[in-house]
Amino acid sequence: MDHFQLKNGAMYAEDVPLSRIAEEVGTPVYVYSRATLERHARVFREGLAPVAEASGREPLCAFAVKANPNLAVLKVLSREGFGADVVSGGELVRALTAGVPADKIVFSGVGKTRAELQLGLDKAIGQFNIESTEEGRELAELAASQGLEAQATLRINPDVDARTHEKISTGRAENKFGIPLVRAREVFAELAALPGLNLRGVAVHIGSQLLDLEPMEVAFAKVGQLVADLRADGHTITHVDLGGGLGVPYKAGDVPPSPADYGRMVARATAGWDVHLTFEPGRVIAGNAGVLLTRVVRVKRGGNGPPFVIVDAAMNDLARPAMYGAWHDFDAVAPTGDRMVANIVGPICETGDTFATDREVDALQSGDLAVFRTAGAYGATMASSYNSRGFVPEVLVDGDKYAVVADRIPADAIMDAERVPDFLQD
Ligand code: LLP
């Protein structure tokens, strides 16, 4: 459920008409709903109630910052008690700036640089998820040389097919993530013996936009076996991080598992583990809490197919359709009830700048407003300035008020960071 609904024939974000935001902020613009973010955070946490009950411990929900790193969004979630799963120094600083306590920050990622590891140590973050022997040795050496001890888990690769888009699948043997399960005990033993590291558990994340819980349950069963094996080897295992990945509905008819289904599965899979659990949800929290609001530039007659509805948003603003062939529902802000079949495209000079092909949508004309739905996760954060288009602003709605929470960065501001060197001056 989200708060982008029609009221008297016009679409609102909570109690703010989207047409007002378009007038006052301009288009394209990302619009987020605070009430939706909060609702999703609570539903996710409530879904995990059976896990909390069974383990007697409240799990840590660490929002995957990569899904939506906007400071105001992070602040909303931090106030809901969420921590942060970060994958770069930049995300780490954002999480801290938004008020996420350092001990609720988990640092994932295969390529943490030495400087990023040091930053995590300086800020005394809650957990490093180590992805290789080499990274573990480097972190241990850094920490020990400063008399520190890094709290860490070892991320394993369970070789499970998450049955999602191949570009967002992360838990198969050929993916770059984690330590292959067959080597996990040996690597754990080596790293656990190093001063500077408190290797206290394991982490797993097999992919994103999962519409089926079965692969996760298979992966979690492998993690459970590994926890038992590591304990048999004499290690103390107190923490397991089960990652994110729960899918969301992008189009009518999609029925992803609910957080409650997920919670029941996790409670079953983790029964008897006796550990602190961490989760790293991203999309399920932010996806349906945002839309990309856009204006139709013009409608152009097609060659031998449907007309092209050319909107002022493009693949640089919302990359998912071009990058993954992803579907985003597209609805008029003031639908007339008439429908049309159209190709929805942006102004960028490549055919990949296509949001929808042969799609039945609300009838639209030049100047009309429309939204791409489910754009709150992996939307603004994946933007680029391709075609010198600048960066889209972001707005957060709260009841009947709203605030611009990220300014539009115009193309000339990006150009200001460039210079022509002396040797090219005339
Ligand atoms: N934890 C780790 C270690 C991850 O790699 C990810 C996502 C998450 C948590 C959050 O997963 P979520 O709950 O959002 O599924 N740009 C792609 C998605 C990439 C996801 C990468 N990792 C897209 O637009 O679909």
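This is a predicted model: local features need pLDDT of at least 70, side-chain atom pairs count only at pLDDT 80 or more; totals for chains, interfaces and linings use all residues.
**Nonpolar cores**

In soluble globular proteins, nonpolar side chains tend to be buried together. The largest nonpolar core in this model has 100 residues. Within that core, the residues with the most contacts are Phe44, Phe220, Tyr262 and Ile344. Helix α9, which spans residues 214–232, gives the most to this core, contributing 7 residues.

With neighbours within four places in sequence left aside, Phe44 is in contact with Cys61, Phe82, Leu246, Pro259, Tyr262, Phe279, Pro281, Val284 and Ile285. One of these partners, Tyr262, is also listed with Phe44 among the residues with the most contacts inside the largest core.

**Two helix pairs around α7**

Two packed helices are described by the angle between their axes and the distance between the axes. Helix α7 (residues 133–145) packs with helix α6 (residues 114–122), and the axis of α7 also crosses that of helix α8 (residues 181–192). The table gives the values for each pair.

| Helix pair | Angle between axes | Distance between axes |
|---|---|---|
| α6 and α7 | about 50° | 10 Å |
| α7 and α8 | roughly 15° | within 10 Å |

The axes of α6 and α7 pack at an angle of about 50°. That makes α6 oblique to α7. The crossing of α6 past α7 is right-handed. On the α6 side the contact is made by Arg114, Leu117, Gln118 and Leu121, and on the α7 side by Glu135, Glu138, Leu139, Glu141, Leu142 and Ala143. The residues of this contact divide into 5 nonpolar, 1 polar and 4 charged.

For the other pair, α7 and α8 cross at roughly 15°, and the two helices are therefore roughly parallel to each other. Here too, α7 passes α8 in a right-handed crossing. Thr133, Gly136 and Arg137 of α7 meet Arg183, Val187, Glu190 and Leu191 of α8. The residues of the contact of α7 with α8 divide into 2 nonpolar, 2 polar and 3 charged.

**Arg172 in its loop**

Arg172 lies in the loop between β9 (150–157) and β10 (179–180). Residues up to four places away in sequence not being counted, Arg172 touches Asn157, Asp159, Val160, Asp161 and Glu166. Along the chain, Arg172 and Ala370 are 198 residues apart, and their C-alpha atoms are separated by 38 Å.

Notes
Residues are numbered from 1 along each chain as its sequence is written. Side-chain values use heavy atoms; hydrogens and water are left out. A nonpolar core is a set of buried Ala, Val, Leu, Ile, Met, Phe, Trp, Tyr and Cys residues joined through side-chain atoms within 4.5 Å. Buried means under 20% relative accessible area, exposed over 50%, partly exposed in between (1.4 Å probe, protein chains only). Helices (H or I, at least four residues) and strands (E, at least two) are DSSP runs, numbered from the N terminus. Contact means heavy atoms within 4.5 Å. Axes are lines fitted to C-alpha atoms, for helices over the stretch in contact, and angles run from 0 to 180 degrees between N-to-C directions. Angles under 35 degrees count as roughly parallel, over 145 as roughly antiparallel, 65 to 115 as roughly perpendicular and the rest as oblique. A crossing is left-handed if the near helix is turned anticlockwise from the far one by less than a right angle, and right-handed if clockwise. Ala, Val, Leu, Ile, Met, Phe, Trp, Tyr, Cys and Pro count as nonpolar, Asp, Glu, Lys and Arg as charged, and the others, Gly among them, as polar.
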